[in-house]
Each structure stands twice: as C-alpha cells, then as structure tokens.
Amino acid sequence: QRIEVKYGPITPKNRTDENMERFRNYGLGQFIHWGLYAIPGNEWEGVSARGGAAASEWIRSWGGATAPKDWKNTYDNLYKQFNPKDFDAKKWAKQAKDMGARYMIFTTKHHDGFAMWPTKYSDYNISKTPYKKDVTKEIVDAYTAEGIDVYLYFSVLEWNNPNYMGAEPKTPEEKEKFQKFLDYTRNQLLELLTNYPQTKGLWFDGTWDKSWIMAYEFTYNLEKELRTKFPGIIIGSRFRNDEFGKRHFDSNGDILGDYEQGWERKLPAEFEWLDGNTWDCVMTVPPNGWGYMKDWSGLYTKTSDDLIDMLMHCVSMNGNLVLNFGPDGNGKMHPGEDILAKEIGEWMKVNSEAVYDVRHAGLSPSKLGYFTRKENNLYLTVFNRPVNNIVRIAVPKKSTEVPKTAKLLVDSKELKVVHSDIGLDLDQSTYYDVVLPENFNAKKAFVIKMELGAPKTAAEKLM
Ligand code: H79
C-alpha cells in the first residue's frame with residue numbers, strides 16, 4: 001500500500017537517456033580520495049595512529065593514541081603544507097585508462113571541509129596552499145582528455161564549519177546558522193558544476209545527520225535546480241531523503257536519485273536485492289581506508305584476484321565497481337596501488353569484453369564464476385577452475401537459446417561444446433559442457449565467451 005510522499009523521487013526509477021546508459025555500461029571506475037588527510041597518511045610523527053582499525057581520512061575525527069593534544073588544530077593547519085610536488089593529473093588519468101576505468105570519482109571536499117578547488121564561498125581551499133593551483137580542474141581536464149567520465153564526490157557535512165551542526169536546528173540562531181550552511185552548500189554545488197562543465201554526476205556523502213535530513217524541502221528543491229541548470233546530470237541516492245526521513249529510498253521504497261549509493265565496501269549477495277536499480281559499489285584496497293595510508297603492513301590489502309572477483313560480481317548484477325586510490329601528500333599513488341592498477345589493467349586488456357556494456361545474464365549463478373551477457377554473447381568469467389577442466393553450464397530446459405560455440409578470450413581458440421543432458425533434474429536445467437584445452441592451467445580468472453543460438457538437435461529441444 002503506497003503512501004503519499006511529497007518529497008519523493010524527481011527522476012524516474014530507470015532513466016533511459018544516453019548519460020544513464022553510459023553509466024550502466026562503465027563496468028569499472030576509479031575513486032580518488034585526496035585531501036589534507038593525505039599528509040599524515042594515517043600517522044602522527046611516524047607512528048601509525050590507529051592501525052587499520054579506522055579510516056585514514058577520518059584522522060581529524062578520531063585522533064588516535066599518538067595524536068598531539070590539539071590535533072584538530074594541527075590538522076586544520078595542514079593546508080599550509082599542501083604542495084604536492086609529484087602531482088601529475090595526466091599521469092593519474094593515463095594509469096586509470098590503462099587499468100580499464102571508464103569513469104572516476106574525485107573528492108572535491110571531504111568531511112574536513114577543505115575544498116580541493118578555489119571556491120569563492122570559503123577560504124579553506126586549495127588556493128590558500130603553497131600549491132595554489134586548482135587540482136580539481138587539472139583532474140577533470142586530464143581524465144576527460146583520456147575519455148574517462150568524471151564524477152564529483154562531495155561531503156555535505158563539515159567537521160569544522162561553525163555554521164554546520166549535526167542535530168536538528170531548533171533555536172532561531174541555530175536555524176539562521178544552518179540556513180547559511182545550506183546556502184553555502186548550494187553555492188558550492190552550483191559553482192562546481194559551472195566551473196567543471198564536463199562533470200557527469202555527483203557522488204554525495206555525509207548526508208546522514210538529522211540537520212540535513214530535516215532539510216528535505218531544501219534538498220528537494222536543490223535537486224530540481226541542479227537538474228534544471230545541468231540537464232542530464234547524474235545524482236546518487238545518498239543526496240537526500242523524503243519528509244519521513246527515509247534516505248536512499250523513499251517511504252514507498254522508490255529510489256531517490258539515479259543510482260543506488262548503498263554499496264560502500266559491500267556487495268549484494270543476490271541480484272534480486274537490487275530491485276532493478278542502477279548502482280555502483282565503491283571499494284577500498286585496505287579493509288577500510290580511503291585516504292592515503294603510509295603503512296599497509298599488518299593489514300589485509302586486497303589482491304588483484306580479489307578485486308577482479310568483485311568487479312565481475314558487480315557487472316554480473318548490472319553494477320559498476322569503483323576501486324579507490326588514496327594518493328600521498330606529494331601526489332603519488334601508493335606503490336601497492338600502482339601494482340594493482342597494472343595487474344587489473346593487464347587482465348582487462350584481455351578480458352574487458354566481459355566487463356564493458358554487459359548485463360545480468362539471467363542464468364542461475366554458477367559456482368565457477370560470474371555470467372555476463374551482451375547481445376547473443378554469454379561470458380563466464382571462471383574463478384574456480386573445475387578439476388577435470390570441463391566447464392559445465394546450466395541452462396533452463398525450456399530456454400530458446402543455448403551455447404553453440406565457445407572460446408577463451410585469452411587466445412580465441414575454439415573450444416568443444418557438448419550438450420551433456422546428464423538427466424539430473426535439479427532445477428529444470430540441462431547442461432552444456434565447455435571443454436578446456438588439455439593441461440589448461442590458468443593462474444588468473446579467465447573468460448569463456450559463448451555464442452547463444454537456438455537449440456537444434458532433438459536432444460537439445462525442449463523436454
Ligand atoms: O569517503 C569514504 C568514507 O570516509 C566515507 N564514505 C567513503 C566513500 C564514510 N564516511 N562515513 N562512513 C563512510 C561510514 C560512516 C559511519 C557512521 Fe554513521 C557515521 C557511523 C556514525 C556516523 C551513518 C550514520 C552510519 C551510521 C550512522
């Protein structure tokens with residue numbers, strides 16, 4: 001039973017315009033968390049502040065055992081040291097391109113409130129650093145030149161803004177202050193989209209406080225204004241809530257915005273959970289650190305195998321994987337990130353056909369890996385190679401399309417496909433066996449590309 005929602009969705013659940021189709025086709029993206037937190041890199045005076053237990057970009061909030069007494073003040077003055085001598089946006093963009101990323105998200109302003117662009121609306125911005133130059137512009141231009149679509153990350157909440165409060169503003173003074181903060185937020189967003197017209201969309205964060213939740217009328221109008229002034233802009237579900245305080249989805253369960261932003265360091269176990277919504281998953285390399293961490297020792301950092309598995313998990317369910325990088329205070333990626341970018345890029349060079357422009361295949365999940373589909377091509381990215389090197393594909397008995405041919409993306413050699421109707425009536429399936437080459441011994445996940453066609457032999461026909 002639906003209820004009346006006044007501040008519900010502004011755009012339809014699944015926009016079909018070109019921008020949204022592009023979003024659904026990206027497959028792989030890159031997140032970049034870069035800000036003042038890159039300078040400490042999760043440490044104070046060379047001592048790891050809190051190991052891997054807390055996110056490095058939150059160091060201003062949690063301080064840690066080795067923090068100086070007045071660490072918040074120390075932090076708020078870090079901008080005087082921001083002078084990234086190794087920063088080369090073109091190098092980052094080239095690396096992202098070689099990795100296979102088709103979009104990127106850049107932290108224009110994280111919770112510390114520091115603007116990585118020369119905003120007119122606050123002095124706490126990049127132009128006041130020794131570096132002075134507009135890093136956001138350098139990044140937007142360099143990535144756009146590589147053909148990588150740019151999205152801007154924007155934290156609404158700010159830890160050190162005197163006009164910001166987390167609680168609901170109650171007194172007239174509080175209301176006036178918070179209204180100033182709302183106007184400031186609006187100004188900054190309009191400024192960003194005006195300064196960087198190549199921007200394809202916004203990735204919002206820090207919108208969970210009561211003050212913002214209660215500003216539903218303001219945020220509703222702001223979303224409308226952004227869409228009117230910047231047609232085609234893509235806005236995630238973390239931006240706002242309805243008048244009943246429901247975030248991401250309104251009180252009727254309808255998505256607020258163009259893509260679901262709930263998949264932060266987590267993945268849906270089942271396709272059905274997504275309810276047909278567009279989505280992306282943003283993922284860290286360390287367990288939970290988005291900004292630069294000098295010291296990765298003692299932490300499990302994801303391998304390229306882990307990340308490729310997550311990538312295929314996402315795209316097999318119509319989502320994108322956005323892999324986070326946290327460059328250091330000088331503008332260099334972590335050496336571990338350089339290695340991952342290279343390994344993923346090498347894998348993508350061979351296998352990106354199974355990643356780009358694909359959709360959920362509609363088959364039962366395979367224990368061997370992930371299915372993706374594009375037109376009449378079915379891809380199985382195999383992570384669990386069968387001991388007998390026979391890859392068994394289950395197809396519904398009533399299916400009007402079955403695998404006709406198969407090859408490996410790695411060498412394009414034709415593989416034998418055998419209809420093996422083993423007589424097991426497990427789930428109304430019949431089976432097709434793809435026979436891998438003798439002594440096949442891949443050390444990485446590999447992709448089998450199958451062409452689908454109508455079943456033709458008697459045995460293949462409906463039973
Ligand atoms: O930028 C990265 C993180 O710093 C940021 N999002 C990614 C992309 C992030 N900020 N916070 N979090 C992630 C998790 C926040 C959790 C909490 Fe809360 C905020 C716990 C209490 C306040 C939100 C509101 C979750 C529970 C209540």
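**Notebook: sheet, ligand shell and a helix pair**

I began in strand β15, where L415 is the bridge partner of A406. I note at the outset that the model is predicted.

**Entry 1, β14 and its partners.** I looked up how β14 and β15 are joined. The two strands run antiparallel, with two bridges between them, and β15 covers residues 414–419. They form a hairpin, and I counted five residues between the strands. In that turn I checked S412, which has a positive phi of about 65°.

I then asked which strand β14 pairs with over six bridges. It is β17, residues 446–453, and the pairing with β14, residues 402–408, is in the antiparallel sense.

**Entry 2, the whole sheet.** I traced the order of the strands next. It reads β11-β12-β17-β14-β15-β16-β13, seven strands in an open sheet with antiparallel pairing. Which strands stand at the edges? They are β11 (369–374) and β13 (390–396); each has a single partner strand, so one side of each is left without a neighbour in the sheet. I also took down the twist, which averages 25° from one strand to the next.

As a reminder to myself, side chains in a regular strand alternate between the two faces of the sheet.

I went on to the partner of β13. This is β16, residues 429–435, which runs antiparallel to β13 and is joined to it by seven bridges. Within this pair I looked up R392 and found its bridge partner in β16 to be D433.

I listed the residues around the ligand: A55, E57, W58, D205, W208, E264, V282 and W290. How many residues of each class are in this shell? I have five nonpolar and three charged residues, and no polar ones.

I turned to α4 (residues 89–99) and α5 (residues 135–145). They pack with their axes 8 Å apart, at an angle of about 40°. I recorded the crossing of α4 past α5 as right-handed.

Last, I looked up the scores. The pLDDT of the chain averages 96, and 98% of the residues score at least 70. For the complex, the predictor gives an ipTM of 0.94 and a pTM of 0.97.

Definitions and conventions: Residues numbered from 1 in each chain as written. Predicted model: local features only at pLDDT ≥ 70, side-chain atom pairs only at ≥ 80, totals over all residues. Pairing = 2+ DSSP bridges. Helix = DSSP H or I, 4+ residues; strand = E, 2+ residues; numbered from the N terminus. pLDDT = per-residue confidence, 0-100. Axes fitted to C-alpha atoms, helices over the stretch in contact; angles between N-to-C directions. Near = placed C-beta within 6 Å. Nonpolar A, V, L, I, M, F, W, Y, C, P; charged D, E, K, R; others polar. Left-handed = near helix turned anticlockwise from the far one by under 90°.
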